[in-house]
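Here is a short briefing on one protein model. Have the sequence and the 3D view open as you read.

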Amino acid sequence: MVKLEQLSARMPSVTVDELLKGFYPSPRFGSVSFASYRPDPAQPSQTTAVRAMEQFADSIKTPEPKGLRRLFAPKKPAVRSGFYLDGGFGVGKTHLLASLWHASPGPKAFGTFVEYTNLVGALSFRKTVEALSSYKLVCIDEFELDDPGDTVLMSRLMRELADAGVKLAATSNTLPGSLGEGRFAAVDFQREIQVLADQFEVVRIDGEDYRHRGLPTPPAPLSNSDLDSAMKAEFDGKTVAVDDFVTLVDHLAAVHPSRYRQLVDGIDGVVWRDVKTITEQSVALRFVVLADRLYDRDVPILASGVPLDSLFSPEMMAGGYLKKYYRAVSRLTALAREGQEQEVS
């Protein structure tokens with residue numbers, strides 16, 4: 001038996017405390033560590049990144065001495081208040097960032113760039129600063145510079161948190177195949193995040209996108225007539241959200257993106273009927289957030305309609321938000337393969 005639900009029928013209500021409690025690594029990275037990261041011997045920058053982040057973690061665990069103790073304490077290596085890991089999709093940046101979070105004392109927060117901007121939208125800027133200023137560490141995964149407004153917002157938030165003594169760590173991503181050129185490199189970061197640039201240690205990590213090894217295209221969509229039998233075979237005894245794709249897309253506009261984590265709570269799989277290409281930017285950006293939350297929880301996908309690599313229009317895949325859309329397609333492809341071919345994403 002399959003327990004059926006509909007995401008399009010859910011309207012989660014979340015308190016401020018519940019929102020803040022949601023800022024921790026997803027189950028996918030719930031028990032990772034620096035020791036469990038396996039650097040590629042062909043990519044020495046990966047080993048360098050691990051060592052640099054371990055040093056940064058030590059700086060968080062060991063408070064600076066004060067008063068006379070500061071005068072006579074052994075001089076420690078200089079460590080900046082922020083750490084920035086630059087690299088492509090799937091090279092282990094999130095693994096390392098989550099490892100830093102696990103290795104550091106609390107209170108602490110871990111979330112994506114989009115989750116923090118959504119938090120500000122839900123709470124207000126000032127309340128977000130007040131809530132996070134007492135934290136020892138704030139980790140920001142997938143820092144993005146494709147929206148000037150959000151960039152200014154996050155720059156200001158990070159500046160105020162740094163002034164309050166909060167340690168900051170961030171990662172960025174680039175397009176698949178863009179390593180070495182057209183990348184979001186340190187110079188871009190320093191130009192866009194002017195005030196923070198001198199406070200960040202910027203480390204580059206290279207490597208091949210593991211999600212594209214053997215995953216060049218998503219699995220072929222199922223027919224509507226095959227969805228029910230596939231769902232019963234794949235999700236027997238589990239809770240599955242079955243939605244008409246257009247209805248789900250419309251519903252997302254009524255739920256604040258900061259609540260998408262709660263929207264998919266308790267869901268073991270999703271089934272989408274008649275997936276259609278999204279052509280409206282605001283709709284596409286909301287769907288990217290949903291894709292991230294599904295990937296966080298490793299929720300397999302069964303779908304009919306257009307292939308998932310046609311989810312966003314060609315214009316969007318070549319536009320200003322292309323990094324977001326490439327990431328979403330990569331993640332949804334992995335989840336669809338897990339759902340239809342029993343491959344672990």
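E54 is partly exposed, with a relative accessible area of 33%; buried means under 20%, exposed over 50% and partly exposed in between, with a 1.4 Å probe and protein chains only. The model is predicted, so local features need pLDDT of at least 70 and side-chain atom pairs count only at pLDDT 80 or more, while totals for chains, interfaces and linings use all residues. Residues are numbered from 1 along each chain as its sequence is written, and side-chain values use heavy atoms, with hydrogens and water left out.

**E54 and its helix**

- E54 lies in helix α2 (residues 44-61). Helices (H or I, at least four residues) and strands (E, at least two) are DSSP runs, numbered from the N terminus.
- E54 and S99 are 45 residues apart in sequence, yet 9.0 Å apart in space, C-alpha to C-alpha.

**Packing of α2 and α4**

- α2 packs with helix α4 (residues 93-103) at an angle of about 25°, and their axes are 9 Å apart. Axes are lines fitted to C-alpha atoms, for helices over the stretch in contact, and angles run from 0 to 180 degrees between N-to-C directions.
- α2 is therefore roughly parallel to α4 (angles under 35 degrees count as such).
- On the α2 side, the contact is made by A49, V50, M53, F56, A57, I60 and K61. L96, L97, L100 and A103 make it on the α4 side. Contact means heavy atoms within 4.5 Å.

**The sheet**

- Four strands form an open sheet in the order β1-β7-β8-β9, with parallel pairing. Two strands pair if DSSP finds at least two bridges between them.
- The edge strands, β1 (3-5) and β9 (301-305), each pair on one side only.
- Neighbouring strands of this sheet are turned by 20° against each other on average, direction ignored.
- Five bridges join β7 (residues 239-244) to β8 (residues 269-275). D243 has W272 in β8 as its bridge partner.
- Helix α10 (residues 245-252) lies across β7 and β8, at about 95° to β7.

**Nonpolar cores**

- The largest nonpolar core has 41 residues. Such a core is a set of buried Ala, Val, Leu, Ile, Met, Phe, Trp, Tyr and Cys residues joined through side-chain atoms within 4.5 Å.
- V270, W272, F287, L290 and F312 have the most contacts inside this core.
- α12 gives the most to this core, with nine residues.
- Among the residues that V270 touches are L7, F235, V240 and I301, not counting residues up to four places away in sequence.
- Another core, of 28 residues, lies apart from the largest one and includes V14, L119, L161 and A162.

Technical notes: Parallel < 35°, antiparallel > 145°, perpendicular 65-115°, else oblique.
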